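Morning, everyone. I have one structure for you today. Please bring it up on your screens.

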Amino acid sequence: MISLAQRDIAHSLGKFLTTSAGIGMLLGVVLIMIGVYRGLVDDANVLLKDTQAQLWIAQQDTLGPFAENSRLHEDVKYQIKAFEGIKDVSALTFQNLQLYRNNQPIRVFAMGYDIHSFYTPHLLVEGRPILANHFEMIVDKKTGFKLHDEIVIGRDVFNVVGITKDAVSSSGDLMVYFSLPDAQKLQFLSSNEQIRNDRARGTKATDTTTINAVIATVEEGADLKAIGQEIERWKHVKVFTQEEQSSLLTKNLIERSAKQIGMFTVILLLVASVIISLIIYTMTMGKIKEIAILKLIGASNGEIVKMIVQQSVLLGILSFIAGMIFSHNLMDLFPKRTILMSADAFSLLVIVIIVSILGSLFGVRSALKIDPASAIGG
């Protein structure tokens, strides 16, 4: 039995491969869009996982430091540590910063933490943790800064003592780390001119011992819910478990982005389906005479259908392979993380095969209407 796909590859190899490559680029974009979504979800949880905290304590009636503005007095951490079942605590601050490297701006998300607490950046790959309370910082590798670089921020110069890898905030910005006193100074200390203006207005200067959240670990076997309820009851704050904070981040911060990417992916799949259908239909119509001859020499409709579907599925599989090569070569060029997972690729392959079979139906319908006598009438 002569296969239409084999005939195409034998007689129109360049055309068939070019068509597969074109559809493959479209499928590659679909894979990258799925990878961007996976990157968004993973980025949202990188910081949470890195803290290895079990409880997050934030300002009362807020959804935590990543979803809403949260401010607490620093001394709250000592009161929380005194609760039964609490093992250790660390005060944290968060703020957006813009650094400059070779006069080029770099947007980062800065985190201040207690350097003597249980927390230290676990994504550290070079250098050492922050040991001094002042003028030391840790940066992520993708910022381009090296160990011992000096970075001017505000009125101070900070020495880079550590490098992290793949440390990003929930919004995908690169992370940098400071000691808590330095971070509080950067975020809450006003300039001399601002302080003079505030005094002239009778305004009290901002308290630089403010923090954004407290994270805590608990004793082994302790009831997280019960401890959280006790802290909320007596300290008038909001307490989240690590899972609740992760759920809030995923649902509140990236839900709309995820839906947008999902819609874009569905549209791309529909476009790919239409293109595959049109190509198979055009290819089938270009072989009317060969199909008529096959019918004339006794080929059944089932055999004709099988040949066209095989051609369509082969085109889909080759396009998928081209899409995989395309997406893996381009994924590192995107500014934010793109995570390509085998499970997603396998799901797309199944969809592509189904779409290829459905797309071949128009060609099959036309092929079945071909009159065998047309092979003679020409």
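Predicted model: local features only at pLDDT ≥ 70, side-chain atom pairs only at ≥ 80, totals over all residues.

Start with helix α12, residues 361-368. Which of its residues are buried? They are Gly-363, Val-364, Ser-366 and Ala-367. These four sit on the same side of α12, because they cover an arc of only 165 degrees around the axis. Now look at the other side. Phe-362 and Arg-365 are exposed there. And what covers the buried residues of α12? The cover includes α8 (255-285), α9 (288-296) and α10 (301-330).

Next, charges. Side chains of opposite charge can pair when their charged atoms come close. Here the count comes to 9 salt bridges. I'll pick out a few.

Take Glu-136 and Arg-128. Their closest N and O atoms are 2.7 Å apart. Glu-136 counts as buried, at 11% relative accessibility. Arg-128 is partly exposed, at 30%.

Now Glu-244 and Lys-225. This salt bridge is 2.5 Å, N to O. Glu-244 lies in helix α7 and Lys-225 in helix α6, so the pair ties together parts that are 19 residues apart in sequence. Glu-244 is partly exposed, at 27%. Lys-225 is partly exposed too, with 48%.

Stay on α6 for Glu-230 and Arg-233. Both lie in that helix, 3 residues apart, about one turn. Their salt bridge is 3.8 Å, N to O. Glu-230 is partly exposed at 34%, while Arg-233 is exposed at 54%.

Notes. Residues numbered from 1 in each chain as written. Heavy atoms only, no water. Buried < 20%, exposed > 50% of the residue type's maximum accessible area, 1.4 Å probe, protein only. Helix = DSSP H or I, 4+ residues; strand = E, 2+ residues; numbered from the N terminus. Arc of directions from axis to C-beta. Contact = heavy atoms within 4.5 Å. Salt bridge = Lys/Arg side-chain N within 4 Å of Asp/Glu carboxyl O.
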